[in-house]
Each structure stands twice: as C-alpha cells, then as structure tokens.
Amino acid sequence: MKFTSAKNSLLKEIMIAQDIIASRNALSILSNVLIETANNLLTIKATDLNVGFETQIPVDTIDPGSTTIYCDKLLGILRSLPDGEIEVEQLDDKVVIRPLFQKIDFRLRSITSEKYPEMRVCDDQLYFSITSNDFISMIDQTIFSVSDDSTRYFLNGVYMENGGDGLVMVATDGRRLSYMNRIIEQEIPTFKPIIIPPKFLGLIKKLSSREGIIELAIHDNYIFAKFDSHKISSTLIDGQFPNYKRVIPEKQNFQCIIDKDMFYDALKRVSLLVDQKSKRLFIDIDIESLTLSSEESDIGKAKEEIPCEFFGEKTRIAVNSMYVVNPLKVMPGEKISISFSEANRAISIAPYPEKDFFHIVMPMQLD
Amino acid sequence: MGETWFFHIDLDAFYASVEQYDNPSLKGKPVIVGGATSNRGVVSACSYEARTYGVHSALPIFKARELCPHGIYLPGRMKRYQRVSEHIMSIFSEFSPTMQQISIDEAFLDMSGTECLWGPVEQTAIRLQDAVKQESGLTASIGIASNKYIAKMASDRNKPNGICFVPQGEEYLFISEQPLNKIWGIGKKGIENLNRHHIHTVENLRSFTLPYLKRVFGDSTGSFYFQAVRGQDPGFFSTTAKSRSVSNEITLEADTVDKEQLRGLIHQLAHHVMFRLLKEGLIATTVGIKYRLSNFSTFSAQYTPNKPIYSAEEIFAYVWELFIERWDGASAIRLIGVSINSVQKRDQPMQEELFYDDYKRKHTVEKTVLKLRSKGNKIMKASDLLNTDHSLQRKKD
C-alpha cells in the first residue's frame, strides 16, 4: 500500500476517527484506524463497536492496499507535520509516514486490516432521505437534554418517531424535556420509535454541511446515515422511553413574552452568581417586567430586570439556570415565550410566535 | 467576652456499660459485645474488666476468645443503645445550647461563655458527669480545651470516668506530651509513613516547615500535621460540614457464594441505611458497597448518580449493580456492607422531576413505614419479603 495525500485533508478525517475510537489503549485493534487506498481514493474506517464511521478522500494511489495503525499516534504525527503533501507507505509490518521533500521519517507498527471488525452495512433500498438542515435543526434543539445517568440508560439518547407527516425528536433527563416535530417534505417510511445515542447524532451534526440531503436507514436495532462522502452507523438504545406526552402541559394559564437576546444575556450574567451546586435561579414575572436573581451566598448575589409582556398575577419561579441557558443557546428567532400555570408545575419555553419545537423545564422548590 | 471552651464527652465502654447497667450481675466482669453466637466478626465494645485481658474494640472475636476465654460475650442490642444514647445526649444539651453529636457515644459541647451561668468549666464537667451517672448509671470521660481537637484527645487521657483539663495556652505543651500514635487523626498507616521519613516524635514532626510537610505528605495531610502538632484545630469536627456518611455492614454467619442470600442481605442493608437517613431528615447522593472475601481481601466501590436518591429500593438497585459488576460470583463472601455518603440536609433546594417516578413513590411509602415503625409497629414492606428484581439491568456495551 502506498499513496500521497495533502496532509490537512488526511488530518481532518483522522481527527474524526480518533473521536469515535473510545479506548486509547494501544493493545487492541479497536484503537486502530483502517486505511485503504485504490483508484485514487483513500477510505478511512473507525469504530468503537457501537458507532462505525467510514469516509473517503481523494489521494494519489501508487500501490493499492489496506492496513490499520494506531490512530492516536497517527493523529499526533499528522498534527506535528508541516503543511504540504505526505507519502504513506506500507513496508513489511510498519507504515512509513513522511512529508515529501523533507527528511522526516515516522514508522508506525501496523496490524493487518483482515483483523479489523467488519463495518455494518444496510441494504440501499432501506435508505430514505431528509433535508440535512431539517435533521440537524432537530438534533440541535434536543441533544442537550439527553440524560447522562447510565442507570436510566433509556434516557441516554434522543427518542425519534414518525410523526405522521414528519419526524418527532424528544430528549429528556427526567427534569427537562426538549421536543421538536418537523414536517418533512420527503416521504418517511413507518418505523417503530427508536432511541438514538447522542454520539451518532453529534457526529452527524459535526460533519454535515447542513446543505443538501442526508440519507437515513433504520434496521435491526441499528441506524445508518449517508451524506457527502461519509457513512456512519450506530447501535440503537434498547429500552422503553417514558411516555413523554404525559408530561407536556396541554394548557398553561399564563404566558410571558420577552426579547430572546436580552433574556439570554441577562441569564448569562445572573448565572455567574447562582449557587454552584444547585444552580437555582429565581425568575420573578410581573406586569411589564421580568426579574432574574440568584440567591444570596457567601460570594454575593446578582439581579437583573428586563421588560416583558405579561398579564397576570405576579409569580416567582425557581429553576436550574442551566435548564434555561441550554435551550436559549440554540433557539432561533427574536422573541420567546415562557408559559406556566403555577410556580411548582412545569414551565414551557418556546419561540414566539410558535414554531415546531419547545422545551419543558420542571422547577425547583422555592424555599 | 469569656474564653472559648469545648468539652469532648466520651461515654466509657458504652455498649458494655449499658449491658452491665441493665444486668447488674455482669458488673465487674469482662463483658464483650459482639460475637455471642459465633467466632466471626469483631468486638464492638468491651468493659474495662475485659480490656485488662488485652481485648479491645475492633479485635476479631476469635482472638478475643483466645485472650479472654471466660469473658461474657453478648450479641449487642443496638436499639437499646440508641435509646440510651438519645437520653444521654438530651442531658448534654441541657448544659450548652451548642451540642454536636459525633457518634452514638461521643459529643462536643461548646461551653464558651457558660462560666457566668455554671461557674468554672472544670466544676461544670464534674456536674455533667454526675448528671449522666444519676440519670443513666453510666460514666463519661470529659476533655476540656480551647478547641475541639485538643478536647477530643484530652477526653481519652484519664479514662474511665476522668476529666482532663487543658488550660488556655497549654495546648502546645499537651500535644508535646503525646506519643505520635496518640495524635488524633494519625493512624497506623500514617505512623508507618512518618517512620519511613525518620519522624518518631511530636518534636520531630514539629521541626519541619509547612511547605516541606506539604511537599512530602501532600497538601492536606501536610497542613494537618503542621496544625495538629501545634495544638491547633485542623477542623475535623467543623460544624459546617455538609456531608455525613451512614453505613451498615454484616459479617455473615458462614462465608457464602449464594447470590440470592447476598441479594437479600444487601436489600436488608439498603433498607436499614435508608431508614436511618429518613429519621435524620437527610438525603443520599452517593452509595457504596463493601465486601470482604474469606481470604480477608476487601473491596469497595461507590457510585454517585446525578440525582438525589429517594428510596431504599433505589439504593438497593445501585448497590446491587455495583456489587454484581465486581464480584466474580465464585469467591466466598465473609462480610458485606452498604454505605451512603455525601448526605445533604433535606432543606437544600430540590429539583422536581417531570416523570413522577417509581422511586419517589416508594420514598413516600418508606416514610410512612418509618412513621409506623417508630410507633412500635413491626411492619415490613412486601418487597422486603419477596426480593423482587428491581430491573435496573444496565445495557452492557
């Protein structure tokens, strides 16, 4: 195997490969990345057995062939090399990496690609397309609400179901929930609701240009994605997602409308002084003004008032500030609404006027 | 402003003394609590008569039996001790508004400014001893000093039924007289480590600068040594400590590999610690498991979920998972224990849950059970009997 390639284009893909490879243990073939060249293309494969990744970049193939090498060190080497063309060549059991026209010579021990786990593949007919931007927007609005509590593994992913004329994504950690129901112009096949690991979705979000379409397939407890020159697959989370519909308030008595950026800026400022552990933030909603405040601590306290549109009784709500900061960070639009019925019941944060997504936050105790 | 004074009060051979008080025929005899039914486990407490044979607490029972074959070995009645302890603590709190109980048989009293009311602190200590003796029949040893750390060490000085008074300004002298192994907070391992650095006395240790001690022993141990040998309170018993830990362990009657029996025991232990928490109005944030194999090798592990733990069933689920992940299923188990750490006071703001989950419901049930139990009902939850599987099987990657 021998090829030459621009260092930077190889580096970009190897960085992604290293992200997928979980273990940094040199002893296992799973710490290796597979590279294969033929017909002036280089195929790169990486897996942690749950998520599989495959991509292609153009190179100059001199000798077709394939091998696997320790990804962590390959990445380090590529990072350290000056920009320009590099040559990669298999010599016996080592892979030689050297920049052209320079006296630098790295040799990495390789393991034959035959020992590398097979990449999962899915029948082409099972793929359906969806506009990249739609899919990425859905990931953006939900992925941060995923729980990392491994004892509630069924909350460790984003729930996705066929919503009739589109797709529904829901994520929750049991205290806040993010929901999006996007109408998709393309035809979506029926499928049983699934729970998708955030690693898979994060990867799509990172790699996709948001332009064009992305092809998806769901088969046999796996999900597959194809877009640009990338192929990604992942195991799905096997578990029962809670009945999320039960916790979405049907009707809320009060609604407060505020300027999103103004609210977000104030939120970031006041959050500086909320209690580090509980992160409790107070929101006082009154006619024409909304006040954010932290509780008094040894360090001090913060308070900020911003204008709002609200008709109702003065209400005080306590929330975990992160649960408000997270959605605000990704919500598009100029105005948002905060809807509630009582201080101790779920509040909704949504764009104003309404769009196809919203976030629900369970408050904290007031005292 | 009066002077700052702390009492450290330690009840003498507490469990054994309660036994002797409840059964006067045991008075003057070597009473050993723990290991009445077998040779397993360790000594929980022993009377001063037993100590003359070399028996001490935490000594394995079989060794105690070798040293003191004619001792009276009793099973231990925790409930009775708990009640006596509660009563005695209420006597303590009559002497000072600021009492800090640190275990079943020890407490600190902040006696600062009580001299106007009670007179000199040494006399107050005598009065306190009398009150305890009169109301419970037990004796207590008291250490008096300007800080809790010295008071704690002083109470050990003239045991039993003694008082040790360290006048203000003489803390330094008091510490100087102590052998290194009597310095509270320096254990067996600590002594070994100090000896390796050729440090054998308090004087030796005092000759090093703070930066040196920090470099050699690490930041926290280094500054602890520095303060301790100067008679300054290193803050072990600071009242602002937000966390506590509660644990319970059992030495099995016979070593076992029976998974169902172990599941039952862990379940029982989980309930036991949870009820103690509920009683004190605490909530758990970290759970831990400890087990010892028949060759005495001991394992422990902890887990901190990202939400507070509401019920015993939940503690059980986490602990069982910790245990099952580590135990090979073949090595016989001798001792098993469950602990809960980083326990916050319940008055911390609580985050409400969207999905009113099962554990919270169980928490309500357990609270009700506790109420009934405290009224003397022998009530048990059905799952205590059934050993149901609390399906938290995490998906294996």
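Contact means heavy atoms within 4.5 Å of each other. Helices (DSSP runs of H or I, at least four residues) and strands (DSSP runs of E, at least two residues) are numbered from the N terminus. The model is predicted: local features need pLDDT of at least 70, side-chain atom pairs count only at pLDDT 80 or more, and totals for chains, interfaces and linings use all residues. Residues are numbered from 1 along each chain as its sequence is written, chains are lettered from A and ligands numbered from 1 in the order in which they are written, and side-chain values use heavy atoms, with hydrogens and water left out.

**Chain A overall**
- Chain A contains 6 helices and 26 strands.
- Of its 367 residues, 55% are buried, where buried means under 20% relative accessible area, exposed over 50%, and partly exposed in between (1.4 Å probe, protein chains only).
- In chain A, 67% of the contacts between residues at least 6 apart in sequence join residues at least 24 apart.

**Strand E26 of chain A**
- Strand E26 (residues 357–361) of chain A is largely enclosed by the rest of the structure, because 4 of its 5 residues are buried.
- Strands pair if DSSP finds at least two bridges between them.
- E26(A) pairs with strand E13 (residues 176–183) of chain A in the antiparallel sense over 5 bridges, and A:Met180 stands opposite A:Phe357.
- E26(A) also pairs antiparallel with strand E25 (residues 347–352) of chain A, over 3 bridges; here A:Ile347 has A:Val361 as its bridge partner.
- E25(A) and E26(A) form a hairpin, with 4 residues between them.

**Sheet and helix in chain B**
- Chain B has an open sheet of 3 strands in the order E3-E2-E4, with mixed pairing.
- Strand E3 (45–46) and strand E4 (72–74) of chain B are the edge strands, each pairing on one side only.
- Strand E2 (residues 31–33) of chain B runs parallel to E4(B), joined by 3 bridges, and B:Val33 is the bridge partner of B:Leu74.
- Helix H1 (residues 14–22) of chain B lies across E2, E3 and E4 of chain B, at about 120° to E2(B).
- Axes are lines fitted to C-alpha atoms, for helices over the stretch in contact, and angles run from 0 to 180 degrees between N-to-C directions.
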